[in-house]
Amino acid sequence: MIGVQQATLELCYTVTMDPDQHIWRMWANRLHKWGLANWTASFLEAAGPLTLIAAQVLYVVQPLVYRALPEQHWQALTEMLEDTVKAQGFAALLREENLT
């Protein structure tokens, strides 16, 4: 029983304490400012497996446009697109009204 509780605690920690959370907040603030937050959230929620293809496309074009984003942002973006839980988490963050 202790092992199950520990595993549950570890899972909750990794989902809620994502190391890319600060990058996501920066993106969310920009998308809200540009009026694209709801559109982006809808895309992430509806695209499902297509986000995996989008991540692969980003891996291909990254060497051509690597200066557009810092390396950490590229990595956070592709990881988020490859992981449906992270993509849904970012979509939920975009749906928040007040970001700080």
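Phe43 is partly exposed, with a relative accessible area of 36%. This residue sits in helix α3, which spans residues 37-47. The structure is a predicted model, and its protein chain has an average pLDDT of 82, with 80% of the residues scoring at least 70.

**Confidence**

- The pLDDT falls below 50 over residues 4-15, and this stretch makes zero contacts in the model beyond near neighbours in sequence.
- Where pLDDT is low, predicted coordinates should not be read in detail.

**Nonpolar core**

- The largest nonpolar core has 20 residues, of which Trp27, Leu44, Met80, Leu81, Phe90 and Leu94 touch the most other members.
- Helices α2 (21-34), α3, α4, α5 and α6 are the elements that give two or more residues to this core.
- Leu44 is in contact with Thr51, Met80, Leu81, Ala87, Gln88, Phe90, Ala91 and Leu94, when residues up to four places away in sequence are not counted.
- In soluble globular proteins, nonpolar side chains tend to be buried together.

- Ala55 belongs to helix α4, residues 50-61, and counts as buried because its relative accessibility of 0% is under the 20% limit.
- Beyond its neighbours within four places in sequence, Ala55 contacts Thr78, Leu81 and Glu82.
- The C-alpha atoms of Ala55 and Leu77 are 7.7 Å apart in space, although the two residues are 22 residues apart in sequence.
- Thr78 is placed in helix α5, residues 71-82, and is likewise buried, at 3% relative accessibility.
- Leaving out residues up to four places away in sequence, Thr78 touches Ala55, Leu58 and Tyr59.

**Salt bridges**

- Two salt bridges are found in a search of the whole structure.
- One of them joins the side chains of Arg95 and Glu45, with an N to O distance of 2.8 Å. Arg95 lies in helix α6 (residues 84-95) and Glu45 in helix α3, so this pair ties together parts that are 50 residues apart in sequence.
- Both partners of that pair are partly exposed: Arg95 has a relative accessible area of 33%, and Glu45 has one of 39%.
- Lys86 and Glu79 also meet through their side chains in a salt bridge, at 3.7 Å from N to O.
- Within this second pair, Lys86 counts as buried at 19% relative accessibility, because the limit for that class is under 20%. Glu79, with a relative accessible area of 26%, is partly exposed.
- Side chains of opposite charge can pair when their charged atoms come close.

**Surface patch**

- Trp34, Leu36, Trp39 and Phe43 form a nonpolar patch on the surface, and together they have about 490 Å² of accessible area.
- Leu36 is located in the loop between α2 and α3 and is partly exposed, at 36% relative accessibility.
- Leu36 and Leu94 are 58 residues apart in sequence, and their C-alpha atoms are 9.2 Å apart in space. Leu94 is among the core residues that touch the most other members.

Conventions
Residues numbered from 1 in each chain as written. Heavy atoms only, no water. Patch = residues over 30% accessible without salt bridge, like charges linked within 9 Å, V, L, I, M, F, W, Y side chains within 5 Å. Areas by Shrake-Rupley, 256 points an atom, 1.4 Å probe, with all protein chains shown as cover. Salt bridge = Lys/Arg side-chain N within 4 Å of Asp/Glu carboxyl O. Helix = DSSP H or I, 4+ residues; strand = E, 2+ residues; numbered from the N terminus. Buried < 20%, exposed > 50% of the residue type's maximum accessible area, 1.4 Å probe, protein only. Contact = heavy atoms within 4.5 Å. pLDDT = per-residue confidence, 0-100. Core = buried A, V, L, I, M, F, W, Y, C linked by side-chain atoms within 4.5 Å.
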